[in-house]
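Hi,

Here is the structure I promised to pass on.

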Amino acid sequence: MKSRPIAAWRGLAIAAAVLLPLAGQAAETSGDGLTLGPADSRNVLVVHASNSVQVFRGVLEDFSRLNPSVRLEYTEISTQDLYAQAVARAWQAPGARTGPDIVISSAMDLQTKLVNDGYALPHVSPQTQALPRWANWRDEVFSIGTDPIVMVYNTDRLPAARAPRTRRELLSLLQAPDQPLAGSISTYDVQGSGIGYLAATQDTRLDSMAGALLAAFGRNRVAMHASTEHALDQLERGQTTLAYNLLESYTRHRIARGAPLAIVYPQDYTLMLSRSAIIPRQAPRPDLGAQFLDYLLSPRGQQMVQEQSGMRPVNASVIAAAGVRPVGLGVGLLVYLDPLKKKHFLDLWRAAVQAPAAGPAGAPATGGPGPGGALD
């Protein structure tokens with residue numbers, strides 16, 4: 001009987017802390033970064049992540065409140081670049097203490113490969129040991145939160161009664177005589193997006209209709225979104241009607257701001273991907289990277305991750321009734337990173353989706369993340 005008031009008090013304390021300004025803390029923002037904490041601090045925590053600064057800011061600010069002597073330097077980097085930079089640092093400056101102290105990415109397969117290839121440090125703590133087995137691999141890569149991969153549609157352009165609830169219904173809509181999605185559907189550019197490639201390869205593994213769905217995308221002149229934020233921009237402006245494979249958390253932020261969008265959790269299966277964290281082997285301050293990781297995995301950190309970023313807490317990621325289960329960390333994620341398998345998959349993907357040249361309103365079919373790849 002006494003636990004409920006205590007739990008409620010803790011929740012109120014955390015909520016109150018979120019509303020308080022960062023007393024004595026200088027916040028510096030840029031287009032792709034955020035710096036918190038004293039400029040003259042000897043304790044500098046460098047975080048590189050694919051998480052949007054806008055979405056993750058509340059979590060960073062809460063950590064800074066709890067650790068006012070730490071200077072936190074956060075940089076938003078694409079999933080592909082996070083991986084490439086980690087490998088490049090190890091080859092160009094072996095043994096040097098350079099780069100970030102912790103790397104967080106939605107491309108959990110690329111994070112797993114960094115661990116498999118020896119680019120991460122182990123970390124064992126009460127917080128990591130409390131994780132479910134699927135969320136901790138070799139004590140070197142950890143899920144800090146999960147995000148369902150969903151379909152999203154513009155409610156002004158598609159009636160709810162016609163919105164697809166399964167991939168089979170989406171295929172039927174793409175094949176409908178009135179072509180409601182022709183030139184008005186988007187999906188990740190898997191050539192430039194790590195999370196897009198992961199979601200597409202998981203579809204291939206789980207869904208026998210994946211090839212037919214890709215072909216239907218091509219016939220409907222699918223546009224390529226570089227990131228979930230890019231796709232949501234297009235949907236809000238009415239440039240597209242439906243987007244396939246988006247992160248739920250970013251979509252909920254848009255809906256909360258009044259965007260005319262609705263989320264569909266595919267009833268055949270809904271992928272639940274992790275934002276995963278590693279402490280790089282070359283981290284200058286692995287102790288601070290571990291401190292931030294333990295904060296993220298603590299009860300308070302998990303509450304903040306849920307409330308501020310919209311991700312789901314790790315221990316609440318299995319939704320059995322809805323057929324939603326998280327994709328586990330481990331060697332199974334490495335299958336489609338084999339160079340030959342990856343080349344074969346991308347060749348088939350390009351042949352299926354890039355046959356027509358025009359996208360919505362005559363725009364090119366590839367919206368293009370550019371040479372650096374895509375963010376979340």
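This is a predicted model: local features need pLDDT of at least 70, side-chain atom pairs count only at pLDDT 80 or more; totals for chains, interfaces and linings use all residues.

Residues are numbered from 1 along each chain as its sequence is written, and side-chain values use heavy atoms, with hydrogens and water left out.

**The chain as a whole**

The secondary structure comes to 13 helices and 14 strands; these are DSSP runs, with helices being H or I of at least four residues and strands E of at least two, numbered from the N terminus. Of the 376 residues, 55% are buried. Here buried means under 20% relative accessible area, exposed over 50% and partly exposed in between, using a 1.4 Å probe and protein chains only. The accessible surface is about 15,900 Å², and carbon and sulfur atoms hold 55% of that. Those areas come from the Shrake-Rupley method with a 1.4 Å probe, and for residues only the protein chains shown count as cover. As for contacts (heavy atoms within 4.5 Å), take the ones between residues at least 6 apart in sequence: 80% of them join residues at least 24 apart.

**Salt bridges**

How many salt bridges does a search of the whole structure find? It finds 17, counting a side-chain nitrogen of Lys or Arg within 4 Å of a carboxyl oxygen of Asp or Glu.

Glu236 is partly exposed at 33% relative accessible area, whereas Arg254 is buried at 7%. Both also belong to a network of salt bridges that links Glu229, Asp233, Glu236 and Arg254.

Arg350 and Asp347 make a local bridge, with their closest N and O atoms 2.7 Å apart. Both lie in helix α13 (residues 339–353), 3 residues from each other, or about one turn of the helix. Arg350 is partly exposed at 29%, and Asp347 is partly exposed at 31%.

Then there is Glu140 with Arg138, at 3.6 Å from N to O. Glu140 is buried, at 11%, while Arg138 is partly exposed, at 41%.

**Cavities**

A probe the size of a water molecule, rolled over the atoms, shows where empty space is left. A cavity here is a set of points, on a 1 Å grid over the protein atoms alone, where a 1.4 Å probe fits but cannot get out; lining residues have an atom within 4 Å of a point. Grid points are joined across faces, edges and corners, and a volume is the space filled by probe spheres set on the points. The count comes to 2 cavities of 30 Å³ or more.

Two or more lining residues come from each of β9 (185–188), α7 (194–206), α8 (210–219), β11 (242–247) and α13. The largest share, 5 residues, comes from α7. By class, this lining has 11 nonpolar, 4 polar and 2 charged residues, where Ala, Val, Leu, Ile, Met, Phe, Trp, Tyr, Cys and Pro count as nonpolar, Asp, Glu, Lys and Arg as charged, and the others, Gly among them, as polar.

The second largest cavity, of about 50 Å³, is lined by Gln54, Val55, Glu229, Tyr250, His253, Arg254 and Arg257. Helices α2 (53–66) and α10 each give two or more of those residues, and α10 gives the most, with 3. This lining divides into 2 nonpolar, 2 polar and 3 charged residues.

**Two positive phi angles**

Most residues other than glycine have a negative phi. Asn245 has a positive one, near 70°; Asn245 is in strand β11 and buried, at 5%. For Asp139, phi is also positive, near 55°. Asp139 is in the loop between β7 (136–137) and β8 (141–154), and is partly exposed at 27%.

Cheers

Technical notes:
On a 1 Å grid over the protein atoms alone, a cavity is a set of points where a 1.4 Å probe fits but cannot get out, and a pocket is an open set with protein on both sides within 12 Å along at least five of seven lines; lining residues have an atom within 4 Å of a point.
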